[in-house]
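My entries follow in the order I made them.

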Amino acid sequence: MAAPLDDMFSFCVDPGKVSTCVDVRFIDNIKGKGLFAKKSIKKGEAIFSERPLVSAQFLWNALYKYKACEYCLRALETAEENAKRLSGIPGLSLPYPELCRVRPEKHQACPQCQVMYCSSECRQAAADQYHRALCLGSSQDDADHPVNKLKDAWRSMHYPPETSSIMLMARMVATVKQAKDEAHWQKLFSHFCSRTGNEEEEIAHKLLGEKFRGQLALLHSLFKATLYDDHLSRWFTPEGFRSLFALVGTNGQGIGTSSLSQWVHACDALQLPAQQKEQLDSFIDQLYKDIEKETGDFLNCEGSGLFLLQSSCNHSCIPNAEASFPDNNFLLQLGALSDISPGEEICISYLDCCQRDRSRHSRHKILRENYLFVCSCPKCVSQMDELDVTSEEEEEDEGEAEGDAEGDEMEDEMTDV
């Protein structure tokens, strides 16, 4: 049961080409839909590039002065500006500054609220899609403005490291409100998986913590006061709001952009004499050590987006594809990690590399807590009857260690505000 072509491929860079390469099929009532190869795909090949229906920078990330385009999340700092801020070395100078792709002369601000864009095209695209409904005008710094109260409430409930944003939901509503064809956009958003009431409640609990019931009620009240629209009344009921919350919590794809990272990749591609190459590599290594000491792991402009075709990819602990953002903006590229045969399901991993190396018990624990499913990929099936190396007691110790590390990171980050 394939989804309509006009919907599933409409946000891809080359919809016609992608439709000859992959297909979206219904698998079963547990897994839902999946993405399958229609022809052979070679390791390292780009399967498709796709822009999101909506995206938004994380609110704490923006507060910490990670400057990103309000529309496409492109990093706005030059590589040198970025390196100075992250390393805490104001006199730092990067070699080969011409390799930086950021063009400050093209940046534009919204004339009403002054939020920044990387280009006039992005400013216009945001205005046409959602920004007119969300623009704060001269109230950008007014703490009592409904949008700012909503943002402050979210930040008070969801400390770094962030995984979602209330503004993703706000932009969904604003997009439908501004659309000439509201039904079309509502149909697009309806393609993202829905959950049962109990599952939605678990997701809210995961995102908001122990006090989630009261917090969710407060967010719902502020969300309704800020954005209510009669045509979208079902999204503003307690049940509808919870469904939206679960939708972005389970389908939001993380987006990371970095002008410094792009500069480093450009340096790697330089053809230099051996001694100069060694000096450049040594400079970059030291720079990252300085950044790690000053900033830790928070290197990128970070946010999340809803990607229609990519959201069809199911999880595997041995993925054959992965998502990346090579253009320093919200354009997602799905690339093949191995050769993929016709008819084979294309899977990504919801776990990072370190998590994938842990025991089956540990992987399942993470997936159950964060995504509410039990993995049945080939790796998990093959380990089902084997004795996991890590005992449950060791798993608990791992979890405590991770929690302590995250707490330390959050404490370090909070001191930088």
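**Entry 1: terms and ground rules.** I call a residue buried when its relative accessible area is under 20%, exposed when it is over 50%, and partly exposed in between (1.4 Å probe, protein chains only). I note that this is a predicted model, where local features need pLDDT of at least 70, side-chain atom pairs count only at pLDDT 80 or more, and totals for chains, interfaces and linings use all residues. Residues are numbered from 1 along each chain as its sequence is written, and side-chain values use heavy atoms, with hydrogens and water left out.

**Entry 2: salt bridges.** Side chains of opposite charge can pair when their charged atoms come close. I count a salt bridge when a side-chain nitrogen of Lys or Arg is within 4 Å of a carboxyl oxygen of Asp or Glu. How many salt bridges does the whole structure hold? My search finds 7.

I looked up glutamate 70 and arginine 171. Their side chains form a salt bridge, at 2.8 Å from N to O. This pair links distant parts of the chain, 101 residues apart. Glutamate 70 sits in the loop between helix 3 (59–63) and helix 4 (79–87). Arginine 171 sits in helix 7 (residues 166–178). I take helices from DSSP runs (H or I, at least four residues), numbered from the N terminus. Is glutamate 70 buried or exposed? Glutamate 70 is buried, because its relative accessible area is 16%. Arginine 171 has 8% relative accessibility, so arginine 171 is buried.

Next I checked aspartate 128 and arginine 132. Their salt bridge spans 3.7 Å, N to O. Both residues lie in helix 5 (residues 120–134), 4 residues apart, which is about one turn of the helix. Aspartate 128 is partly exposed at 44% relative accessible area. Arginine 132 is exposed at 53%.

Then I turned to arginine 155 and aspartate 152. Their side chains meet in a salt bridge of 2.5 Å, N to O. They are about one helical turn apart, because 3 residues separate them in helix 6 (residues 146–157). Arginine 155 is buried, with 15% relative accessible area. Aspartate 152 is partly exposed, at 36%.

**Entry 3: a charged patch.** Where does negative charge gather on the surface? I found a patch made of Asp268, Glu278, Asp281 and Asp285. For such a patch, I take residues with over 30% relative accessible area and no salt bridge, and join like charges within 9 Å. Asp and Glu count as negative. Each charge is placed at CG of Asp or CD of Glu. Helix 13 (residues 274–294) gives the largest share of the patch, 3 residues. Aspartate 285 lies in helix 13. Aspartate 285 counts as partly exposed, because its relative accessibility is 47%.

**Entry 4: cysteines.** I call two cysteine sulfur atoms a disulfide when they are within 2.5 Å. I found 0 disulfides in the structure. Cysteine 313 is buried at 2% relative accessibility, and cysteine 347 is buried at 10%.

**Entry 5: one glycine.** Glycine 240 lies in helix 11 (residues 238–251). Glycine 240 is buried, with a relative accessible area of 12%.

Technical notes: Patches are made of residues with over 30% relative accessible area and no salt bridge: like charges are joined within 9 Å, nonpolar side chains (Val, Leu, Ile, Met, Phe, Trp, Tyr) within 5 Å. Accessible areas come from the Shrake-Rupley method with a 1.4 Å probe; for residues, only the protein chains shown count as cover. Helices (H or I, at least four residues) and strands (E, at least two) are DSSP runs, numbered from the N terminus.
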